[in-house]
Amino acid sequence: MKDHSLQQAPLPDFRPIFDETPTPLLLLSPDFTIVHANRARLEATATTLEATVGRNLFEVFPMNPDDPAADGLVNLRDSLTQARDTRRPVTMAIQKYDIPLPDGTWVERYWSPRNVPILNEQGQVVWLLHRSDDITDYVHTREQARATTEQNEALRERADRGEADLFERTRELEQLVADLARATARTTQITESMAVGYLSMDADWRISYVNSQAVRALSRPREELVGGVIWELFPATVGTDFEAGYRRAATTGEAVTFDAHYPEPLNAWYEVRAVPEAEGVALYFLDITPRHDAVQAAQAAAARVSALAEVTLALSTIDDVTELVAVMAERGTAALGTDGGAVAIPARDDPQLVRSYVTASHAAAVREEYAVLPLDAPVPACEVMRTGHPVLLGDREASTGYSREMAHAVQASGSVAFASLPLLAGPQVIGVFTASWDTPQRFDAEQVELLGAFAAQCSQGLQRLTALDGERRARLQAEASAQDARRSAEDAQRSAEGQASLVAIARALSGADSEREVLDVLEGQGAALLAADGSGLALLEPDGRHVCTLASDTFDADLRANVQRVPVDFPIPIIHAAATGASHLFPDRASTVAAFPGAEPLYTAAGVQASACLPLRGRAGLLGSISLAFSGERLFSEEERDLLEAFAALTAQALDRIAAHAAEQAALKVASGIAETLQRSMLTAPPEPDHLEIAVRYAASAAHAEVGGDWYDAFLTSEGLTSLVIGDVTGHDMAAAAVMGQLRNLVRGIGFTLGEPPARVLAAVDRAAAGLGITTVATAIVAQVEQSPAHRAAGTRLLRWSNAGHLPPLLITADGQGSYLGSGTGADAGPEGGYETDLVLGWDPSTERHDHEVVLQPGSTVLLYTDGLVERRGVGLDRGLAWLAEAAGELVSSTGAQQVSLEELCDGLLQLVGDHLDDDVALLALRAHPEDAPRPTQAGPSHVPDGLQAARAAAAAHDPLGKD
């Protein structure tokens with residue numbers, strides 16, 4: 001009967017089995033890098049995992065320099081290479097290679113090595129298992145046996161036992177290989193469960209393995225993929241980013257990540273990571289088509305909004321109806337992404353005709369055929385002109401089924417989808433905007449909203465020009481009827497003046513930045529338009545249940561307070577108009593009270609007889625209402641009604657603009673706060689060693705809401721030197737901030753570890769940036785504060801710096817004398833004399849860089865800064881630098897005997913600049929306090945990183961690369 005206990009037992013963990021095997025074992029990668037060593041191996045070679053793992057076998061165990069004729073390690077390399085290339089185990093003859101001890105001496109060792117390749121399911125070598133038994137005692141015993149014949153028999157028996165033991169250990173190794181194979185099978189299960197596609201190729205680009213996700217993503221069966229050449233299975237990859245990325249990974253040995261599109265039949269965007277392997281390249285890929293499409297849609301929407309903004313600007317600058325219609329038709333359809341369109345307005349000489357302006361994208365015959373249409377024509381533009389309701393035809397079937405005339409229009413124009421929207425002036429249709437497409441449209445909510453917003457802008461422009469055209473017509477009519485009766489002449493003149501007043505009101509409203517300023521225009525020019533005695537503005541709250549009012553100062557303060565915020569059913573005309581959109585023009589108090597009995601007390605207290613209340617309609621709906629009050633009775637003429645409606649439309653447009661601007665400013669303020677917080681999170685607090693004080697500042701530009709490339713830094717190197725850095729990456733966006741972070745970390749890491757002067761640090765950074773693919777140009781200064789014994793005895797310090805295209809450091813003595821360092825004619829020269837600087841970072845990594853130095857006297861201050869502190873529009877750089885030297889010197893010496901603190905100096909400079917920053921400002925100030933007295937109280941406590949001493953101790957014990 002079979003014993004099933006082994007089958008039911010859990011699979012053992014092979015890591016402790018490997019570690020506790022008494023035979024010395026090493027697990028190597030195919031390039032002979034040590035991956036792991038068991039306890040027996042570490043004890044036999046007097047090594048540790050920390051000192052060996054990750055290093056090449058022949059780096060850890062080099063040849064004994066005192067025994068250059070030894071060939072054991074050469075033979076071992078040949079044996080490992082043979083096992084890897086033939087994929088077969090190789091047992092070596094006894095080899096001699098000595099082992100280095102930690103104290104620098106060597107010990108003689110004899111070994112019996114066996115090298116076993118570990119293969120994956122595809123037969124590829126993934127590991128090399130190196131067993132090497134230490135048989136030094138056996139060899140010594142054998143040598144003694146040859147010299148002492150009396151002991152030959154005993155030694156032979158020991159040799160037999162040793163060989164038997166070696167055979168037994170070989171059997172153990174073979175069992176371990178089988179166990180490792182089972183572990184590899186578990187790895188395959190993990191690969192199959194990954195959520196990303198995985199594909200492995202050999203050196204000939206032949207696919208050796210694909211996981212289940214890759215099979216699904218590539219839409220091919222596994223048996224068709226495995227064994228096939230990638231270029232033959234997927235010919236569309238040849239000559240594209242796919243091939244370039246795969247070959248680059250294979251050639252450079254580095255992982256390559258990219259996004260690319262594969263055409264039909266896959267027709268998908270993929271995010272691909274190509275990773276080099278010992279025998280080829282592995283691919284990890286993910287279908288990112290939905291994400292890519294979303295980004296493309298967002299970019300297209302942003303482009304449409306920007307284009308519509310340009311069209312709106314164009315509409316505000318023209319003064320002719322014909323030109324306006326042409327801009328709406330041609331540029332409007334282009335901005336909306338349509339294939340054509342038209343604008344229709346009523347014919348001036350015949351209200352039963354509609355005149356259309358068709359875009360040039362349609363043939364001349366089409367433009368001529370639809371230039372003039374009867375108002376009752378069965379086409380969408382005419383229906384919208386008659387009813388004021390939009391017409392949306394999404395495809396050919398809907399368009400041809402609309403009417404026979406539309407079926408003809410589809411055939412003549414080539415368009416299959418149409419959207420016709422009314423251009424309104426209050427409830428009146430003053431025109432129709434039509435967009436057409438050559439492909440079907442869904443007309444989702446976003447597209448309909450965009451079309452409606454454009455139609456609203458066109459309505460305002462057309463209404464404005466209609467008013468201007470009416471003004472011109474009124475003026476001509478007044479001139480032509482100069483010989484008529486005096487009353488007719490006065491009426492015409494009054495009409496012209498009313499139109500001119502509307503233009504003035506429109507200009508005044510365009511400069512209003514708040515609802516209070518809108519009321520001021522209403523109270524001043526608006527009330528004067530009809531000689532009103534008072535005015536009011538009622539605004540509907542977002543909840544739709546309350547109305548807030550602003551009334552002119554002509555009304556009593558208590559009266560204004562009583563209606564400041566009331567419910568929508570409050571019984572006075574201005575509130576009713578704001579809540580419902582109805583217009584109310586009452587010639588006297590009696591007619592008002594008849595319609596609104598509750599208004600009598602207020603109207604009586606205010607002394608109001610006649611009143612005019614009109615709704616304010618914005619792009620998003622009803623905004624509120626305006627009201628003009630008259631102390632006497634008044635009949636409103638048709639012309640006055642038109643003026644009031646135009647005035648209400650202008651007021652609504654101004655309120656819409658103010659609300660949009662407020663929302664934009666709020667969003668910009670939030671974005672600015674986020675951007676500045678992100679920027680500041682990259683800039684750490686500086687150290688402050690004893691008697692050296694450092695202050696830093698960062699001020700964001702008032703004109704941007706993005707992070708930028710300005711940075712400062714201060715740190716102590718492994719040698720204990722204070723290092724100062726200022727830099728500015730080209731650009732003002734997230735890309736610039738990302739490069740800034742990379743360069744800042746490069747400078748910190750290289751400067752701390754290298755322990756070299758600034759010029760060599762910058763040169764190393766330039767080379768590292770080029771090698772890492774950082775191509776953005778940047779300016780920077782790296783400086784170090786040094787103190788030799790001679791300087792320490794004199795109480796001075798030495799500032800050594802190197803400049804990569806940056807503005808020069810400013811040195812300020814204790815008495816406030818400022819000079820720029822690195823000037824062409826000495827430290828005392830002004831900025832207009834020029835200053836020495838090397839090439840910017842990121843241009844040529846082979847550039848030779850130079851160090852400069854200056855002695856820092858006690859009390860001296862060094863100022864490093866970015867160009868945002870000194871550059872202004874229209875002002876030369878020389879003037880900005882001269883201003884900085886003078887201002888900083890005055891601040892330093894302003895307190896007389898007590899020198900101003902560094903914090904006060906930095907704050908003072910930023911206060912002088914104020915809110916006029918055209919660019920971000922990074923500022924770093926260093927002061928060398930006298931060492932013959934305690935650190936000044938205003939400098940605050942000294943501070944150095946907690947781990948500095950440990951880092952310096954490690955640096956003293958190891959070379960710059962961290963190797964023994």
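Buried residues make up 45% of the 964 residues in the protein chain, where buried means under 20% relative accessible area, exposed means over 50%, and partly exposed is in between (1.4 Å probe, protein chains only). Keep in mind that this is a predicted model: local features need pLDDT of at least 70, side-chain atom pairs count only at pLDDT 80 or more, and totals for chains, interfaces and linings use all residues. Residues are numbered from 1 along each chain as its sequence is written, and side-chain values use heavy atoms, with hydrogens and water left out.

Now for the folding pattern. The chain's secondary structure comes to 32 helices and 35 strands. Helices (H or I, at least four residues) and strands (E, at least two) are DSSP runs, numbered from the N terminus. A contact means heavy atoms within 4.5 Å. Among contacts in the protein chain between residues at least 6 apart in sequence, 58% join residues at least 24 apart.

Let's zoom in on some strands, starting with β13 (residues 280–287), which pairs with strand β9 (residues 197–202) in the antiparallel sense over six bridges. Two strands pair if DSSP finds at least two bridges between them. With two residues between them, β12 and β13 form a hairpin.

Further along, threonine 434 sits in strand β19 (residues 428–437). Is threonine 434 buried or exposed? It counts as buried, because its relative accessibility is 13%. Its side chain joins that of serine 420 through a polar contact of 2.9 Å. A polar contact is a pair of N or O atoms within 3.5 Å; within protein, one must be able to donate a hydrogen and the other to accept it, and residues adjacent in sequence count only if both atoms are side-chain atoms.

Next, hop over to aspartate 713 in strand β27 (residues 710–716). Aspartate 713 has a relative accessible area of 2%, so it is buried. Its side chain makes polar contacts with two arginines: one of 2.5 Å with the side chain of arginine 748, and one of 3.5 Å with the side chain of arginine 744. Not counting residues up to four places away in sequence, aspartate 713 touches several others, including Thr684, Ser723 and Leu924.

Valine 739 is in helix α27 (residues 734–754), and it counts as buried because its relative accessibility is 10%. Leaving aside neighbours within four places in sequence, valine 739 is in contact with Val729, Ile774 and Thr776. Valine 739 and glycine 708 are 31 residues apart in sequence, and 9.7 Å apart in space, C-alpha to C-alpha.

Finally, take a look at the cysteines. A disulfide is a covalent bond between the sulfur atoms of two cysteines. Here a disulfide is a pair of cysteine sulfur atoms within 2.5 Å, and the structure holds zero of them. Cysteine 382 counts as buried because its relative accessibility is 0%, whereas cysteine 548 counts as partly exposed at 27%.
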